[in-house]
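Reader: I have the sequence and the coordinates open on my side. Could you walk me through them while I ask things as they come up?

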Amino acid sequence: EVQLVETGGALVQPGGSLRLSCAASGFAFGSYGMSWVRQAPGKGPEWVSGINSGGTSTSYAASVKERFTISRDNAKNTLYLQMNSLKPEDTAVYYCARGLGLVPRNYWGQGTQVTVSS
């Protein structure tokens, strides 16, 4: 069974940082590109970032470029998202997803809440 479990979400002040993790199991993690997707209250899902299977190529939405960094450790079956200079508009539930781009919801984890507020 494919499982994606996100952790690391929290309440943080504007300008702060957080590191999200996603533990993957039930599939050959190192063979898949992976993505982070977020959904803010009352809005549709937004693709945030993607990384290829080997971790050698990354891409970002314009809204997070230069502030967020995606990475992965294939030995640990874990995906990461380092988020710096957080803004209130980054408030959302963050999901890791198997695949690249805005993949169908059934390939997402259960999500972790990130709230940016003073």
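Reader: What share of the residues of the protein chain count as buried?

Author: In this predicted model, 44% of the 118 residues of the protein chain count as buried.

Reader: And what about the radius of gyration, against a compact globule?

Author: A compact globule of 118 residues would have a radius of gyration near 13 Å, and the protein chain has 13 Å, which agrees. Taken along the principal axes, the C-alpha atoms fill a box of roughly 40 × 25 × 20 Å.

Reader: How many helices and strands are there?

Author: The protein chain has zero helices and ten strands. As for contacts with a separation of 6 or more, 54% of them come from residues 24 or more positions apart.

Reader: In what order do the strands of the open sheet run?

Author: The order in the open sheet is 2-10-9-4-5-6, six strands with mixed pairing. Strand 2 (11-12) and strand 6 (58-60) stand at the edges with a single partner strand each, so one side of each is left without a neighbour in the sheet.

Reader: In which sense do strand 2 and strand 10 pair?

Author: Strand 2 pairs with strand 10, residues 112-116, in the parallel sense over two bridges, and within that pairing L11 stands opposite T115 of strand 10.

Reader: Take L81, then; what does it touch?

Author: Leaving out residues up to four places away in sequence, L81 touches L18, R19, L20, W36, V48, S49, F68, T69, I70 and Y94.

Reader: How many aromatic pairs does a search of the whole structure find?

Author: The search finds three. One of them joins Y95 and W108 in a tilted arrangement, with 4.9 Å centre to centre and 45 degrees between the planes. This pair links distant parts of the chain, since Y95 belongs to strand 9 and W108 to the loop between strand 9 and strand 10, 13 residues apart.

Reader: Are Y95 and W108 buried or exposed?

Author: Both Y95 and W108 are buried. Elsewhere, F27, F29 and Y32 form one aromatic cluster.

Reader: Which ring does the charged end of R98 sit over?

Author: The charged end of R98 sits over the ring of F27, 5.0 Å from its centre. A further example is R19, whose charged end sits over the ring of Y80, 4.0 Å from the ring centre.

Reader: Back to Y80 for a moment: which residue stands opposite it?

Author: S71 stands opposite Y80, which is in strand 8. Strand 7 and strand 8 pair in the antiparallel sense over six bridges. Their hairpin has four residues between the strands, and there N77 takes a positive phi near 50 degrees.

Reader: Which residues of strand 7 are on the covered face?

Author: F68, I70 and R72 make up the covered face of strand 7, whereas T69, S71 and D73 make up the uncovered one.

Reader: What is S85 in contact with, leaving aside its neighbours within four places in sequence?

Author: S85 is in contact with G15, G16, S17, R67 and D90. The C-alpha atoms of S85 and G16 are separated by 5.5 Å, although the two residues are 69 residues apart along the chain.

Technical notes. Residues numbered from 1 in each chain as written. Predicted model: local features only at pLDDT ≥ 70, side-chain atom pairs only at ≥ 80, totals over all residues. Heavy atoms only, no water. Pairing = 2+ DSSP bridges. Contact = heavy atoms within 4.5 Å. Phe/Tyr/Trp six-rings, centres within 6.5 Å; stacked < 30°, edge-to-face > 60°. Buried < 20%, exposed > 50% of the residue type's maximum accessible area, 1.4 Å probe, protein only. Lys NZ or Arg CZ within 6 Å of the ring centre and 35° of its normal. Rg over C-alpha atoms; globule rule 2.2 N^0.38 Å.
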